[in-house]
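Here's a protein model to explore. Have a look at it first, and then we'll walk through a few of its features.

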Amino acid sequence: MKTPIDSVANVPHERGNCAVQIDGVTKAFGKGEASTVALSGVDVHMFLGEMTLLVGPSGCGKTTLISIIAGLLNPTSGSVTILGTRLDRLSGSKQVRFRAQNIGFVFQQYNLLPTLSAVENVAVPLLIAGMSRRLAVQHAAKMLGAVELEHRADARPNQLSGGQQQRVAIARSLIHEPRILVCDEPTAALDTQSGQNVMQLLARVAVDQNRAVIIVTHDNRILQFGQRIIHMSDGTVEFVDDKSKGEGHDRQ
Ligand SMILES: Nc1ncnc2c1ncn2[C@@H]1O[C@H](COP(=O)(O)OP(=O)(O)O)[C@@H](O)[C@H]1O
Ligand SMILES: [Mg+2]
């Protein structure tokens with residue numbers, strides 16, 4: 001399948017290239033006295049071929065930040081450059097198209113459709129994009145193979161374990177070959193072993209397939225998987241652990 005990103009984004013997709021550049025981003029919800037400042041000046045970079053973890057206490061702005069990266073929220077000020085494109089400057093419909101082509105999502109609660117089989121769930125984004133059912137299911141079956149679930153293609157979500165459901169959700173999130181995968185607490189509902197399996201899979205997605213995988217997490221059991229760990233508190237980045245430079249050297 002052709003990767004649609006080639007026609008949209010401006011950055012060469014080489015390993016280590018910047019996928020996400022956030023400069024001076026602020027976000028306030030509401031106005032005046034009732035306003036909440038969720039982000040108060042964030043500067044960060046995230047790279048292709050790397051898994052980046054976003055950690056910090058509840059309410060520090062993690063979900064707001066990945067929603068801005070994914071184009072689901074606009075920042076109040078600052079710039080958001082994704083794969084060389086100023087996402088905050090695109091019009092609404094172009095943002096939607098950019099997101100559909102370049103960004104995949106994985107959520108804590110899988111969000112699979114209960115009446116569809118595993119392979120049908122994975123095929124849904126292709127069917128929505130207008131692909132024929134036969135081709136969409138063919139692609140989806142291949143993608144299920146990549147998450148080692150080809151043998152469960154016909155199972156419904158309630159016949160799968162939590163870890164298997166999350167792997168189906170990951171296969172679905174990758175079916176349109178996004179360069180950036182955004183995950184909000186993907187292991188929070190999983191037991192330790194399933195969480196480790198899911199993280200190993202996501203690490204392969206980042207390193208072997210040269211994508212930027214960005215994971216919000218509370219889960220200390222998975223910190224070891226991050227190449228870059230962004231520690232947030234109170235709407236700002238406290239410091240960044242960049243493992244390629246040794247712990248804590250890349251403070252921002
Ligand atoms: N839609 C919203 N309206 C008003 N306040 C919000 C909204 N979303 C988040 N907030 C507030 O912004 C802050 C950061 O929230 P969030 O990004 O969800 O934090 P985290 O994901 O780190 O727990 C919190 O104080 C939260 O209450
Ligand atoms: Mg959150």
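Predicted model: local features only at pLDDT ≥ 70, side-chain atom pairs only at ≥ 80, totals over all residues.

On the H3 side (residues 118-128), the contact is made by Ala 118, Asn 121, Val 122, Val 124 and Pro 125, while H5 brings Val 168, Ala 171 and Arg 172. Being in contact means that two C-beta atoms, placed from the backbone, lie within 7 Å. The axes come within 7 Å and cross at roughly 30°, so H3 and H5 count as roughly parallel. Axes are lines fitted to C-alpha atoms over the stretch in contact, with angles from 0 to 180 degrees between N-to-C directions; under 35 degrees is roughly parallel, over 145 roughly antiparallel, 65 to 115 roughly perpendicular, and the rest oblique.

Residues are numbered from 1 along each chain as its sequence is written, with chains lettered from A and ligands numbered from 1 in the order in which they are written.

The average pLDDT (the predictor's confidence in each residue, from 0 to 100) is 90, and 92% of the residues score at least 70. Residues 1-8 fall below 50, and that stretch has 10 contacts beyond near neighbours in sequence. Residues 247-252 are also below 50, with 14 such contacts.

## H5's other partner

H5 (residues 162-174) also packs against H6 (residues 192-207), at about 20° with axes 9 Å apart. H5 and H6 are therefore roughly parallel too, and their crossing is right-handed.

## Around ligand 1

Which residues surround ligand 1? They are Phe 29, Thr 36, Ala 38, Ser 58, Gly 59, Cys 60, Gly 61, Lys 62, Thr 63 and Thr 64, where "near" means a C-beta atom, placed from the backbone, within 6 Å. Strand S2 (36-47) and helix H1 (62-69) each supply at least two of the shell residues, and H1 gives the largest share, 3 residues.

Key. Helix = DSSP H or I, 4+ residues; strand = E, 2+ residues; numbered from the N terminus. Left-handed = near helix turned anticlockwise from the far one by under 90°.
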